[in-house]
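Thanks for sending this one over.

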Amino acid sequence: MSDPTTLGIADALRLLADGEISAVELTRAHIERMEAGRALNAFITETPDLALAQAKESDTRRTRGEEGRLDGIPLGIKDLFCTEGVQTSAASAILKGFVPPYESTVTANLKAAGTVMLGKLNLDEFAMGSANVTSHFGPVENPWKRRSDKNAKLVPGGSSGGSAAAVASGLCMGATGTDTGGSIRQPASFCGIVGIKPTYGRCSRFGVVAFASSLDQPGPMARSVEDCALLLGAMAGHDSKDSTSAPMAVPDFTKALGGSVKGLKVGIPTEYRPDGLNAEVAAIWDRGVEWLKEAGAEPVSISLPATRYALPAYYIIAPAECSSNLARYDGVRFGLRVEGATLDDLYRETRAAGFGAEVRRRILIGTYVLSAGYYDAYYNKAQKVRRLIADDFARAFQNVDVILTPTAPSAAFGIGEKSDDPVTMWLNDIFTIPASLAGLPGLSLPAGLNQDGLPLGLQLIGRPFDEETVFRVAAAMEKAADFTAKPDLFAAGGA
Amino acid sequence: MSLDRTTVRAIANLARIAVPDEDLDHLAGELSNILTFVEDLSSADTDGIEPMSSVAAMSLPMRDDVVTDGGYADKVLANAPGGATEGFFTVPKVVE
Amino acid sequence: MTYLIEGETGEWELVIGLEVHAQVVSNAKLFSGAATRFGAEPNSQVSFIDAGFPGMLPVINRVCVEQAVRTGLGLKAKINLTSVFARKNYFYADLPQGYQISQYEQPIVGNGTLTIDLADGTSKVIGIERLHLEQDAGKSMHDQHPTRSYIDLNRSGVALMEIVSKPDLRSPEEAGAYIAKLRSILRYLGTCDGNMQEGSLRCDANVSVRPKGSDELRTRCEIKNVNSIRFVQQAIEYEARRHVEVYESGGTIDQETRLFDSSKGETRSMRSKEHAHDYRYFPDPDLLPLVLDPAMVEEIGRSLPELPDEKKDRFVHEYGLSAYDAGVLVAEQASADFFETVAKGRDSKLAANWVMGDFFGALNATGRTVEDPPVSAADLGALIDLIKDGTLSGRLAKDVFALMLETGKAPAVLVEEKGLRQVTDTSAIEAAIDQVMAANPDKVAEIKGGKDKLMGWFVGQVMKATQGKANPAMVNELLANKMKD
C-alpha cells in the first residue's frame, strides 16, 4: 500500500471499510507526518494521544458496524473552533491557555461522523490576515517553494494558513477552515489544494471564535473536490444554536460530482480583469474557461459593477463587527489578564498585551467607523454598498449558473513581503471578498503552476445554497486541470 | 481623511487598548491610510438603497421558554484568570 | 394642581421623563436557556452565552417576545411587526460580552399611552415613547472585599423591557403615579412581577426644570436605578431643586448620570460614568430582524385581561362606585377580583365599603395579602348577606367580622354560637324602650318639649339595653312613635 498520508479521504474510507488499513494505522502515519512537518509551524496544539484514542474507538465502532460516514479520518482543526478540553487560542496571546468547556457545532458534527482530531491548526490571529503572519504562535510556512529560490520561505496564505499548509503537505487528510473574506479560498490557492466557503448559514458558527459575524463561515479544505464534498456534508447542517443558520437539508454533495456541465452557463466577470492583472493569473483563468468550453459549458461575459467597492466596504464592515466581537476579551473571565490599579487599567493593559498589531489596527478602525458622527458615512454606507454587491450577483445569476474568477491576484509570496502596508496585504482578497459580502458559496481549486512552480487557484462562485453546482463544475475542472504537482514537503524542515 | 494623535488616543480609549504615546503617530498614519483607502465608497451611488446587515434571507428564529442551560458555575469560572473567589469573578474595586 | 418650585427669581416647572426597566416574567433568559430565578447561588444560573465566552451565540426566547407584545398592547401602543436588535457597546465588569444586546432605531413597540390617576381625583394621559427588549447585565458587588469588586452573572442576559415615557410628567406625584400605574398594568398582564426590592422593576428618571410658562427643554440629568417609588419622588424633587439653585446662581447644568443616595436623600454625580459614552450602536449581526406574525399579535390582543382603566370604568358603571373607590380596588388585580366575588349579587357599595374598610384594615393588621386573605371573599359575602337579611346590624357585623378574623369560622356559625342575631321582634324592642323611658322621665319630658337632639341618646340607651342586638332602624322608628304618644 502507498503512503497513507497521500491518500484521499474517499480512498481511505474504502481501505478502512475493506479492513486494509485501521484507523489507528492511518492516524499513526499522520501523527508521524505531523511531527516531521513541525518546521511548517502548521499546528499550534498537537493532540496525538487524543487522536490515537479516537482512532481506537473508531476501529471498535467499525468492527461493530456502527461507523460514521467519515469514521477514522484524521483531520486538523483550525484553532478558531472551540474544542472541549483542548486549548483554543485563535492564535492570540489573549486566549493563550483558554480551554473551552464546550465544543463547536462543526467539530461536534465531525466527531459524530467519526473523524479523528490530530490537533489545532495555526492561523492569523483571530483569523485576521491573508498570509498567516499575524499569529501569536509564529508564521506558518508554505510547503511549496519557488523553483528560482528554494530557500525563500513563502506564506501559505491566510487566515487558514495552518490548515492549507497541513493539508498540502499531508500532515492531515483534510482540515476545517473559516472564511470571512477569503480565508479558506486564498490559502487553498496558495497551497495548491481545494477549499470551499459554503453559503453563509450552511455551517453553524456556534463555537467558532467570531471575527465578523455577518461574514464568517466555516468550510472544509482538502486535496480534492471529492474530499471537500465529503467533509462539507459532515460539517454542514441546520443548528438551532446559531440564529443565522439556514434551516435547510444538507444534500449528498458527492452526488453532484461527475455530473455533466454541458450547457451550463459560466459567468466571466469583466471587473475581475483589471489593468495590471498578473499575466500568469490571467492566463490560468483563460485556460479554465477553455476547459469548461471543452466540457460543453458556455462562458458568458457578465458585469458586476459594484465590485470596485467591495474591498473598502469589507474593510469597514469586518473591522466594525470585529471591534464589537472582540470586546469580550477583557481579562475578566478567561484568557490573559494583566492586572491594573483600576478596572479600566486592567482592560487597557490586558488588551494591549493580548492583541497583536493587525488585530489592534482593525479594532481601532472598527471602533472609529461606528463612533458617533461617523456611522452613516462609513458603516451605514458600507452596508448599502454591500446590498449593491449582492444585487449584482443576484442579477448575474439570472443568466448564469456559476461564476469563474481567479482566487487570488498572485501566487504565494515571501514571508515578510507586503507587510509594510496593511492595505497592500488586504488586496490579496480582492477576488474573494465580493462573494463573502454576498454570502455566496465560493470554491478554490488548483488550476496549475506559475513559471516559478507555485500553484495558482481558480474560484467558482455559486448561487446561494447551490454548492452542488459549484462542486459539479469544480469536479469537471479538476479533471481537466489534472493538477498532480506536489510541494517539496519538508524541504525547509529537512525531514 | 486623516486622524490625529488625539483622535487615535480617544479611539484607543473607547476600545480599551493602552497605546504608548510613542506609537500614536505611527498608528495615526496607518489608520489614516486605511480611511483614505475606504474613502472610495463615498463615490458609490446608494440613493434609495437599504443597508444590508445580513445576507440570510430569513427572519429571526425563536426558541421555547425552557431552562436548558446553566447550572455549571464551576465550568463558567474554570478559566477565570487567577481563579475565582467564593464563586465570583473579581476585578479591581469599582467606585460608582 | 400645578406643581411648581418657588425660586428666588420666580417659579419653576419640572419636566420629567421616566425610563423603567421591567424584568420580563419568563423561565429562561432572553438569549440563553439559563434560568431567571431570583436569589440563586452566584454564577449558578449562567450559560456560556451569558458569560460572553468565545464563539457563543444568542437565540431569542419566544415567550419574552410575546411578553413585550402583550405589554405593548396593554399600553395601547403600536406594535412594530419588524424590529431589530442592536449592540450597545461599552465596557463594564458585569457586561461580559462588552456590549448589551438591545434595540435602538427599531424597537418592538412604538408610541403608546398610560393614564395616571392623581390624588385630587383627576387623571392625566402620559405618552409612552417606546418599549424595547434588551438583556440585563450581571451584578457587581463592591462591598465584599476591600480592594476587589465581585461579579455575579446570574442576572446577565435576563430579559428586560425598557419602557420610556415622553417627558410629560410635571411633578414627583405624577412620577409616582406613573410608576404605580405602570406596575399595576404589568402585573395585570403578567409580564413583570413589579417587585422593586428584588430589582425586577427599576427606574431611571430624566429631570430638568424651566421657568413657569416656558416651553423650552433645558439640559436634563439622568438619575439611575432608583428602587422605590418614594425614592424616585425624593430624587426628582432633590434634583429639580438643585437645578433651580444652579440656574438662579448663574450656573449651568451639565448633562450627566447621577446616583440617588437614599440615606442622605441626595443625588450625586456617578464617577464610573464620567467618560462621555459613545455606544457605537449597530445591528447585531448574530441576530436577524425580528419579524412578528400579525396573527400572533392579534391572538395576544384577544387574550389580554381587562386592564385597570377599563376595570375601573366598569366598576364605576356596573357597581356605582366612586372613581376613587374604583381606582383603589383595581390597583391590584387580586383586590379587584376579591371585590367582585364579594359584590356579586349583593349591594356593591356595601361590598366596597367592607372590602376597603374592615377587610383592607385586617390585611394591614395581620400582614396578610389579598392572595392569602385572613377572611375569604365567600365568607365576607355571607356576612354582608346577614346584614342584608336583617340577621345582623352593621354594628353586630363588625363584631362578627372580628370573630371571623380570630376564629376563621363562617359568619352564620358565629352568629349561632354567640347568639349575635339581631333583635327584630317589635315587642321585645318596645319593652326595652319602655324600660329606658321609664327610667328617664325627665329626658322624655325634654324631648316632648322639643329637644330632638336627645333622640340619639335614647337610641344608644336602647341598643345598650339589648346588648347591641336591636335593629337600629326599628329602634329609631319605634322610639319616635313612643315619643309622639
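Predicted model: local features only at pLDDT ≥ 70, side-chain atom pairs only at ≥ 80, totals over all residues.

1. A:Phe43 sits opposite A:Leu121 of β3(A). The two strands involved, β1(A) and β3(A) (residues 116–121), are antiparallel and share three bridges.

2. Stepping back, the sheet is open and has eleven strands, in the order β1-β3-β2-β4-β6-β5-β10-β11-β9-β7-β8 (chain A), with mixed pairing. Which strands stand at the edges? They are β1 (43–46) and β8 (298–302) of chain A; each has a single partner strand, so one side of each lacks a neighbour in the sheet. From one strand to the next, the twist averages 30 degrees.

3. How many of its six residues are buried? Six of the six are, so β6(A) is largely enclosed by the rest of the structure. A:Gln217, A:Gly219 and A:Met221 point one way from the strand, while A:Pro218, A:Pro220 and A:Ala222 point the other way, and all are buried.

4. The pairing of β6(A) can be followed residue by residue. With β4(A) it pairs in the antiparallel sense over six bridges, and A:Asp179 stands opposite A:Gln217 in β6(A). β5(A) also runs antiparallel to β6(A), joined to it by two bridges; here A:Val194 stands opposite A:Ala222 in β6(A).

5. Now to the contact of chain A with chain B. It involves 57 residues of chain A and 38 residues of chain B. On the chain A side, the elements that give two or more residues are α9 (310–325), α10 (343–354), α11 (357–370), α12 (376–396) and α13 (422–426) of chain A. The largest share of that side comes from α12(A), with ten residues. By class, the chain A side divides into 30 nonpolar, 15 polar and twelve charged residues.

6. Chain B also meets chain C, in a contact that takes 33 residues from chain B and 44 residues from chain C. The elements giving two or more residues on the chain C side are β3 (60–61), α1 (62–74), β10 (148–152) and β17 (290–291) of chain C. Which of them gives the most to this side? It is β10(C), with five residues. The side of chain C that touches chain B has 24 nonpolar, 14 polar and six charged residues.

7. Strand β2 of chain B (residues 89–92) and β10(C) are antiparallel, with four bridges between them. Within this pairing, B:Thr90 stands opposite C:Tyr150 in β10(C).

8. Turning to chain C as a whole, I count on your eye to check the outline. The chain has 15 helices and 17 strands, and its C-alpha atoms fill a box of roughly 95 × 55 × 50 Å along the principal axes. Its radius of gyration is 30 Å, whereas a compact globule of 485 residues would have one near 23 Å. Buried residues make up 46% of the 485 residues. Among contacts in chain C between residues at least 6 apart in sequence, 68% join residues at least 24 apart.

9. The domain division of chain C gives domain 1 (4–300), domain 2 (306–418) and domain 3 (426–484). The centres of domain 2 and domain 3 of chain C, taken over C-alpha atoms, are separated by 32 Å. Their contact takes four residues from domain 2 and four residues from domain 3. On the domain 2 side there are one nonpolar, two polar and one charged residues.

10. Strands β7 (residues 112–117) and β8 (residues 123–135) of chain C pair in the antiparallel sense over six bridges, and C:Thr115 has C:Val125 in β8(C) as its bridge partner. Five residues lie between the strands of this hairpin, in which C:Gly121 takes a positive phi near 90 degrees.

Terms used: Residues numbered from 1 in each chain as written. Chains lettered and ligands numbered in written order. Contact = placed C-beta atoms within 7 Å. Nonpolar A, V, L, I, M, F, W, Y, C, P; charged D, E, K, R; others polar. Pairing = 2+ DSSP bridges. Domains from an automatic or database assignment. Rg over C-alpha atoms; globule rule 2.2 N^0.38 Å. Buried ≥ 20, exposed ≤ 12 C-beta atoms within 10 Å, placed from the backbone. Axes fitted to C-alpha atoms, helices over the stretch in contact; angles between N-to-C directions.
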